[in-house]
Amino acid sequence: MIKKWNVKNFKAEITSPVVAGLSPLAKDVLAARSVTDVESAHNFFNAELFHSPFLLKDMDKAVEIVKEVLENGGRITVYGDYDCDGITATVMLYSYLTALGGEVDWYIPSRGEGYGLNAAAIEKIAVGGTELIITVDNGISAFAEAELIKQKGIKLIITDHHTPYKNGECLPQADAIINPKQRDCSYPFKELAGCGVALKLICAMENSDGADVIEQYGDLAAIGTIADIVPITDENRQIVALGLQHLEYSENIGLHCLMKKAGLGESHIDSTALAFILCPRINAAGRLAHPGKAVELLLCENHEIASAKAEELNALNRQRVEEEREIISQIEKLLSENPRLLKQRVLVLSGKDWNPGIIGIIASRMVTRYGKPCVVITHEVASTTAKAEQEQRAAASPSAGCLTTAKASCRSVGGFSVYEMLAFCGDLLVNFGGHAGAGGFSLESEKIEALTERIHEYARTRFTVMPELEVGADSIPNAHDINVENVEKLEMVQPFGEGNTVPIFYLPNCLIKSKRPLKEGKYISFTAEYQGRDFKVLDFSRSYADFWYKIGDMVDLMLNFSINEYNDSKDVSMKIVDIRLSGLSQDRFFLAKATYEQVVRDEEIDGNLYSRIVPGDSDMKRAYDIIRNSGCLDEIVQRGVKSGINYCMLRVIIDVFEEMGLLTLNPVTGGIEMNKSGTKADLNKSEVLINLKLKAERSSG
């Protein structure tokens with residue numbers, strides 16, 4: 001699939017001791033991130049370590065309440081969330097309060113209980129004699145639950161980082177609310193993760209600027225911050241950078257055991273390793289079992305027990321990977337049987353018994369693969385009791401069926417708001433939440449079809465042309481700047497994460513000079529000439545057999561740079577982010593792509609366009625020659641468009657050929673297989689072509 005590229009190429013000469021030693025590559029990357037002068041460079045590298053925790057609204061109240069309960073020997077419950085951010089925040093605050101000698105316990109709901117505070121949990125906590133509940137990473141929308149806590153005579157402190165309801169017009173009843181996104185909170189940085197807010201409470205309790213606190217809890221705070229995909233800027237940058245430094249010397253036995261089981265060394269761990277190796281294992285507990293398993297590991301002080309618990313999380317993560325593969329396999333079958341789904345503006349997928357803890361990951365995978373917003377819905381029984389009741393009703397009346405609910409996760413591309421889409425569909429949903437890029441909801445299963453139509457209605461009425469997934473590059477480097485020393489100095493821009501992503505470099509007009517398989521053809525390595533220099537490029541996203549680019553092709557490359565060390569020797573490693581043939585007119589391509597999908601969906605298009613997309617005999621012959629010499633849709637599209645065939649017309653031709661039995665297109669893999677029987681077809685009998693010609697005639701008449 002061809003993705004839209006957004007190439008930045010800002011150049012800035014920053015001359016300041018703050019950035020002494022920066023390489024040209026690093027300067028270009030910073031310029032692309034608006035670090036273009038001395039002041040912005042100073043803010044990026046030397047931001048104040050920690051803002052005063054007492055700038056957070058209600059922090060003074062919270063400290064006073066916590067200290068009073070501790071001094072009186074009252075019980076405190078830390079109430080967390082089932083994701084990595086909530087788990088690390090729970091462990092941090094529980095560990096700190098316990099170290100102060102407090103009578104403390106913790107509670108994290110399972111995914112089955114749902115997000116945040118719930119009445120059943122509150123009843124259970126009240127029976128245990130708790131005098132104070134402190135939420136971490138949740139609570140800002142718990143209006144009814146906060147009222148119930150008040151009725152029980154329990155104090156409540158909410159620490160959260162999610163946007164308050166109606167942008168802060170409504171807040172739950174609590175003794176203190178610590179959330180930088182409160183409307184009247186003067187805290188200068190609004191993007192702390194849940195664990196970051198919990199860290200600030202600990203700092204306030206210690207009356208600390210943060211240095212000693214980050215030394216104790218920075219490892220967990222860094223993990224939670226990276227996992228929650230908050231911007232790695234300002235204070236978050238400091239939390240992650242210092243947390244990574246302290247991770248090597250962490251006294252957390254469970255964390256060390258988990259790193260060992262995950263195959264991570266205890267030194268030189270970066271944010272990428274946290275994001276892709278450590279965080280998924282912590283999250284796996286809440287996705288497939290109970291988040292308490294991760295909490296118990298991170299609180300464990302016995303090495304043997306911690307090792308066993310770490311292996312359990314490792315096994316859950318392997319199970320998560322297997323369940324992902326199974327769900328994706330089912331989705332591929334669904335798309336093969338219903339290829340028109342891929343032509344819709346929003347990809348809506350539903351299936352039975354898909355793990356609700358995994359569907360968010362699946363939605364992200366689909367967005368990356370197909371480049372459009374995606375909603376993944378799973379049917380699940382509302383509750384064991386409800387199921388039993390419905391089974392009894394079904395036995396008495398077979399037409400009654402079984403009451404089910406569905407849960408869903410959504411992921412999007414820039415410019416298309418998931419939250420606005422869900423608000424448009426709100427009357428069909430039991431509940432929903434989220435933001436522009438991601439969200440989730442639940443609904444009655446019988447309404448899935450109606451919801452799907454409503455989602456398509458929203459996309460159709462709000463967008464003439466749908467936003468596309470973009471790959472952004474920071475710089476177009478000069479070939480002579482691509483060397484070991486300059487690439488090593490990119491580390492000065494770390495830690496990477498949301499808002500400060502791993503740099504991507506754009507290399508246009510590269511000549512492929514050779515290629516060879518890696519790992520028995522599982523991956524590929526090829527040599528590309530760029531500005532007169534040869535570079536070795538690695539592609540781990542496709543096999544040697546699937547790499548259709550030929551020696552002699554001119555290609556444009558999107559790459560990550562890193563350093564490869566082997567036998568005491570270093571060289572620059574270039575890894576493919578994306579690749580396509582040089583010379584593609586991007587704007588024309590995506591307009592033609594949008595038009596083709598409108599035609600397939602039988603939507604109205606500009607009548608003048610029909611004459612441009614109805615193929616003639618010469619167009620079909622030219623396309624046929626390209627198709628028979630290509631092995632996949634991606635190659636056909638790129639070579640066809642580069643030769644001057646309009647994308648929309650080319651796809652129409654492929655549809656005509658498929659209809660008439662000249663080829664078979666796999667809509668999932670893009671593989672094309674030509675019919676070798678030698679049977680000829682009268683293409684003028686194609687319904688696709690006949691209908692298109694009729695529309696062209698009507699529009700011109």
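User: Which residue stands opposite I158 in strand 6?

Analyst: In this predicted model, the residue facing I158 is I177 of strand 6. Strand 5 covers residues 155-159, and three bridges join strand 5 to strand 6, the two running parallel.

User: How do I place that pair of strands in the sheet, and what is the strand order?

Analyst: The order is 3-2-4-5-6, an open sheet of five strands with parallel pairing. Strand 3 and strand 6 (176-178) are the edge strands, each pairing on one side only. On average, neighbouring strands of this sheet are turned by 20° against each other, direction ignored.

User: Where does N118 lie, and is N118 buried or exposed?

Analyst: N118 sits in the loop that runs from strand 3 (103-107) to helix 5 (119-127). Burial is read from relative accessible area, with under 20% counted as buried. N118 has 12% relative accessibility, so N118 counts as buried.

User: What does the side chain of N118 reach, and which residues is N118 in contact with beyond its neighbours within four places in sequence?

Analyst: The N118 side chain reaches the backbone nitrogen of A121 at 2.8 Å. With neighbours within four places in sequence left aside, the contacts of N118 are Y79, P109, E113 and E145.

User: Which residues touch the most other members of the largest nonpolar core?

Analyst: They are L274, V375 and F441, in a core of 123 residues. Residues up to four places away in sequence not counted, V375 touches V346, L347, V348, L349, A408, S409, C410, M421, F441 and I455. Another core, of 39 residues, lies apart from the largest one and includes I613, V614, I626 and L650.

User: How should I read backbone angles, and which residues does a cis peptide bond join here?

Analyst: As a general rule, most peptide bonds are trans, and most residues other than glycine have a negative phi. Here a cis peptide bond joins Q494 and P495, with omega at about 5°. P495 belongs to the loop between helix 18 (484-488) and strand 13 (505-518).

User: What is the phi of S34, and what is the phi of N509?

Analyst: S34 has a phi near 70°, positive although the residue is not glycine. For N509, also a residue other than glycine, the positive phi is near 55°.

User: Where do S34 and N509 lie, and how exposed are S34 and N509?

Analyst: S34 is in the loop between helix 1 (24-32) and helix 2 (38-45), and its relative accessible area of 55% makes S34 exposed. N509 is part of strand 13. Its relative accessibility is 48%, so N509 counts as partly exposed.

Definitions and conventions
Residues numbered from 1 in each chain as written. Predicted model: local features only at pLDDT ≥ 70, side-chain atom pairs only at ≥ 80, totals over all residues. Heavy atoms only, no water. Helix = DSSP H or I, 4+ residues; strand = E, 2+ residues; numbered from the N terminus. Buried < 20%, exposed > 50% of the residue type's maximum accessible area, 1.4 Å probe, protein only. Polar contact = N/O pair within 3.5 Å; in protein donor to acceptor, adjacent residues only side chain to side chain. Contact = heavy atoms within 4.5 Å. Pairing = 2+ DSSP bridges. Axes fitted to C-alpha atoms, helices over the stretch in contact; angles between N-to-C directions. Core = buried A, V, L, I, M, F, W, Y, C linked by side-chain atoms within 4.5 Å.
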